[in-house]
Number of protein chains: 2
Amino acid sequence: MSVDLPPSQASSQLIPDWLQRCAENRPQHLAVQSGAVRWSFAELAQQAMRLAEQLAALGVTSGSRVALLAANSPAFVACVHALTRLRAILVPLNTRLSEAELSWQLQDARVSLLLSDAGQAARAERLASNLAPLTHACLRLQPNGSIELDPAPQQGPPAAFTPVLLIDLNAVQAIMYTSGTTGEPKGVLITYGMHWWNAVSSALNLGHHLDDCWLACLPFFHIGGLTIIMRSVIYGITINVHEKFDPLAINRSIFSEGVTIISVVAVMLQRMLEALEQEHPGERYPGHLRCVLLGGGPAPRPLLEACAARGIPVVQTYGLTEACSQAATLSPAEALRKLGSAGRPLPAVQLEIRQDGRRAAPGEAGMIYLKGPTITPGYANRPEATREALQDGWLATGDIGYLDEEGYLYVLDRRSDLIISGGENIYPAEIEAALLSHPAVAEAGVCGQPDPQWGQVPIAFVRLHPDQTTSAEELLAHLQTRLARYKLPRAIHFVAELPRNSSGKLLRRQLPSLLNHAVD
Amino acid sequence: MSVDLPPSQASSQLIPDWLQRCAENRPQHLAVQSGAVRWSFAELAQQAMRLAEQLAALGVTSGSRVALLAANSPAFVACVHALTRLRAILVPLNTRLSEAELSWQLQDARVSLLLSDAGQAARAERLASNLAPLTHACLRLQPNGSIELDPAPQQGPPAAFTPVLLIDLNAVQAIMYTSGTTGEPKGVLITYGMHWWNAVSSALNLGHHLDDCWLACLPFFHIGGLTIIMRSVIYGITINVHEKFDPLAINRSIFSEGVTIISVVAVMLQRMLEALEQEHPGERYPGHLRCVLLGGGPAPRPLLEACAARGIPVVQTYGLTEACSQAATLSPAEALRKLGSAGRPLPAVQLEIRQDGRRAAPGEAGMIYLKGPTITPGYANRPEATREALQDGWLATGDIGYLDEEGYLYVLDRRSDLIISGGENIYPAEIEAALLSHPAVAEAGVCGQPDPQWGQVPIAFVRLHPDQTTSAEELLAHLQTRLARYKLPRAIHFVAELPRNSSGKLLRRQLPSLLNHAVD
């Protein structure tokens, strides 16, 4: 159960299964809504149990790692809970990744079964056939409303199959990939305890109303989406599932489906406001929308002002996969007074800024450290990376920030060089590695460039080998097979030299100044 | 820190101090209101810190046991938090107990300092002088609003004094006395983790609104009152403190001080309704009163019907000290459909009915067992009683009940023979032991008798030694020095024989049938 956990945390702490309790306490309450699909908690529990039986028949058991390559859907929600019933570990895959990237994660996580939705079935089939004995099955929502695996299991679940209806807070629920400064993705261990403490801390912070309805348009394969699935059953509230980000559809849900909380990134909120203005000029969101949780990097001032003018309760947050989403939040009342701040740490979270091995003074920048029960116990199969990131329970986030005199966090730089584009994390080192795999490229540097729509987009700087020649188009074609589309540099500039410090380390923050000297 | 805890639970789990976080997150928010006294969280944190310094100067340190003999007041609240800052252990004393009972608890808990309010100062002084080296100090609220110890410490806090601003969930916060079937009070260990999990479970169940205000008229020396102090800082909400139960004053607070939640027992709610009817005939409580948490035994149907007719949202609950108050609750929507039920277990709590060593079927009565992080790790200095009550983490409550087909709990009997009178627990064995200490008494049996005002009152049955004679008045006088007034039998009946089973065990439930045969 508690795979990969350091021994000190390996003891079990059992509490009643969240979904099961919801099915007992409020069986008829709406659990999942997605378009015409409406499942009560009793129905969701049945779906999860039926799916768990099918997965058990395929050999999934306690500790199995099961990857899921799918867009948001009710079936995704049921699948997450089905795996909990088996004590299997979910490996959610980013549908935007290239097959090369997906293949790497499937191997690294030692996945034995790859599930997909219909839209990803062809890719999943190719991936599985290249990685035998990995098998693939597709989740299909039948016209009668039930979820069936395709191909269907040839037999029923083993005789010994009994669903797990106690949750071990120290057990791993998911392995979720995130890249580091090295460019190599690492599987963050997400435990049930992290979900529990994050959900509870978030509720203490934002309030918990029994009629809440949380809209999920962030992908479930990111921590900001996955946590909504867990909160829904920890709180016993409705999750309103959107397969993709369509601002018109989302606004319709907000107006007519009782949405009270929504998690977004800045570019989404911007487009929702534009759509609102187009469809209902001058109109406000209904009063029941009590919280717009805004993550994925700092929000531009004009957007916050537009929200304030329309009475939209924006809660800015600083989160990361290793902290199971939110680690600090800023209340709507302070959105403008503390503009640019990510607010104060969640109830159970300790936050420190450290500079030169000591706690930084107010106003002094340093690395952000986090500690508490919402923080990951480490990375899957990466003891060294775990030791490096976690010392004495403190997570070195790699992000740079400072606390003001009142203890409000200001994040200056995400992981030194992290580029956040439309809420997706892009790690320069990963793009640089892909560029360097082209024979003509001698050096490569990638940084973010401000973008009015996406916040940031990546741009690349390349020095070629003296005797080589290539074009930006050729390099882009080279990258396309290796990287997700959203990671492709918006521009590739050819330069004679990259800025490096005395020890040869690439100075990515100086890259933009090269734009005056680029030879293209 | 983790005194008396079984080794398996002795590891520490640290989270940021609750009050300190409130003082940082919402410094100006009203923390405590009691008549004209209004403290913000910043002020409450200052009061607690100043008091902690004074207590440190008196030698209170980590692990010290400090008793508090006082009525509800803001000073009580500050004192609880001051002890947290010192990692000292609170021993809250029931002000209604006799000096003999108090003296016993002070010794059993190994208390080194006895604090009191002005009203209890004379008794506390006597108790301390009889139990040297126990010392006594009185908490006095000064006209300038600060709390001073009397006598004042002769010196400042020790140089090494640093307040504790991390809470160890496994550390003991309080030792709270409750009697068992044996009649000898046992000190229940209440950890910070029990408070945390109970508060969080309660919030998940009842909702958590950022503008909540919880009225405390239950005494803080009972678990139902103490938990309100902790919830106030875990939630960051206002606690409205009432020194005593005055239905007119409480109704005024509800109407004019924004009370949203109140904890009561049936007799209190009854008197509040009568006062409401007297002052404002036909009027309802304001809509902001969203939860009336009703504990202390089953509620009479006419009371529940009167509440339903007036739209009062009554949440019935089954709680006990060992479970840090609520263990199961019934939502207002089901108050009448499930009349007499205490509802369903809290989110983190497992509940089982066992009969003859196996799980009882629905509808079958048996002993109520509880398990989970809200359950006590045991009794102070009572390894044997702890082993008896707690097996494999399951608490044998001693209470009898059953679950219906839908899993709703019905409590039939509290701890076999427990009498609940106006919300106070009365243990027959304790009164019997006091009766038997009179030289004329050969046998004694005590049971509850229905009472329209208090729910139940104790009555006693006594068999005298053949050669002895005494009167009910003389026995009552004998009891008065040994027992709290509320425990005194309403009637003492002299009988020729007490009902016993074949092994000689007193059959208390057959006592009422003796009323036809009593010789008085």
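# A guided tour of chains A and B

Begin in chain A by selecting strand β28 (residues 455-464) together with β29(A): the two strands pair in the parallel sense, and three bridges hold the pairing. Within this pair, F461(A) stands opposite H493(A) of β29(A). The model on screen is a predicted one.

**Stop 1: the sheet of chain A**

The view now holds an open sheet of three strands, ordered β27-β28-β29 in chain A, whose pairing is mixed. Which strands lie at the edges of this sheet? They are β27 (441-451) and β29 (492-494) of chain A, each of which pairs on one side only. From one strand to the next, the twist averages 25°.

Next, select helix α12 (residues 428-436) of chain A. This helix packs on the sheet and touches β27 and β28 of chain A. The direction of α12 makes about 145° with that of β27(A).

**Stop 2: the two domains of chain A**

Colour chain A by its domain assignment, which gives domain 1 (18-28 + 39-164) and domain 2 (419-516). How many residues of each domain take part in the contact between them? Five residues of domain 1 of chain A are in contact with six residues of domain 2 of chain A. On the side of domain 1 of chain A that touches domain 2 of chain A, there are two nonpolar residues, one polar residue and two charged residues. A distance drawn between the centres of domain 1 and domain 2 of chain A, taken over C-alpha atoms, comes to 37 Å.

**Stop 3: where chain B meets chain A**

Display both chains and turn to the contact between them. Here 19 residues of chain B are in contact with 19 residues of chain A. On the chain B side, β1 (14-16), α1 (18-25) and α6 (192-206) each supply at least two of the residues that touch chain A. By class, that side of chain B consists of nine nonpolar, seven polar and three charged residues.

**Stop 4: α1 and α2 of chain B**

Two packed helices are described by the angle between their axes and the distance between the axes. For α1(B) and α2(B), the axes come within 8 Å and cross at roughly 140°. The two helices are therefore oblique to each other. The crossing in which α1(B) passes α2(B) is left-handed.

Show the side chains of the contact. From α1(B), select L19(B), Q20(B), C22(B) and A23(B); from α2(B), select F41(B), A42(B), L44(B), A45(B) and A48(B). This contact of α1(B) with α2(B) contains eight nonpolar residues, one polar residue and no charged residues.

**Stop 5: α4 and α5 of chain B**

Move to helix α4 (residues 99-108) and helix α5 (residues 121-130) of chain B, whose axes come within 11 Å and cross at roughly 50°. That angle makes α4(B) oblique to α5(B). Is the crossing of α4(B) and α5(B) left-handed or right-handed? The crossing of α4(B) and α5(B) is right-handed.

The contact is made by E99(B), L102(B), S103(B) and L106(B) on α4(B), and by R123(B), R126(B), L127(B) and N130(B) on α5(B). By class, the contact of α4(B) with α5(B) divides into three nonpolar, two polar and three charged residues.

**Stop 6: the sheet of chain B**

Finish in chain B with strand β27 (residues 441-451) and strand β28 (residues 455-464), which run antiparallel and are joined by 10 bridges.

Three strands form an open sheet in the order β27-β28-β29 of chain B, with mixed pairing. The edge strands are β27 and β29 (492-494) of chain B, and each pairs on one side only. Neighbouring strands of this sheet are turned against each other by 25° on average, direction ignored.

Three bridges join β28(B) to β29(B), and these strands run parallel. Here A460(B) stands opposite I492(B) in β29(B). Lastly, select helix α12 (residues 428-436) of chain B, which packs on the sheet and touches β27 and β28 of chain B. The direction of this helix makes about 145° with that of β27(B).

Definitions and conventions. Residues are numbered from 1 along each chain as its sequence is written. Chains are lettered from A and ligands numbered from 1 in the order in which they are written. This is a predicted model: local features need pLDDT of at least 70, side-chain atom pairs count only at pLDDT 80 or more; totals for chains, interfaces and linings use all residues. Two residues are in contact if their C-beta atoms, placed from the backbone, lie within 7 Å. Helices (H or I, at least four residues) and strands (E, at least two) are DSSP runs, numbered from the N terminus. Ala, Val, Leu, Ile, Met, Phe, Trp, Tyr, Cys and Pro count as nonpolar, Asp, Glu, Lys and Arg as charged, and the others, Gly among them, as polar. Domain bounds come from an automatic or database domain assignment. Axes are lines fitted to C-alpha atoms, for helices over the stretch in contact, and angles run from 0 to 180 degrees between N-to-C directions. Angles under 35 degrees count as roughly parallel, over 145 as roughly antiparallel, 65 to 115 as roughly perpendicular and the rest as oblique. A crossing is left-handed if the near helix is turned anticlockwise from the far one by less than a right angle, and right-handed if clockwise. Two strands pair if DSSP finds at least two bridges between them.
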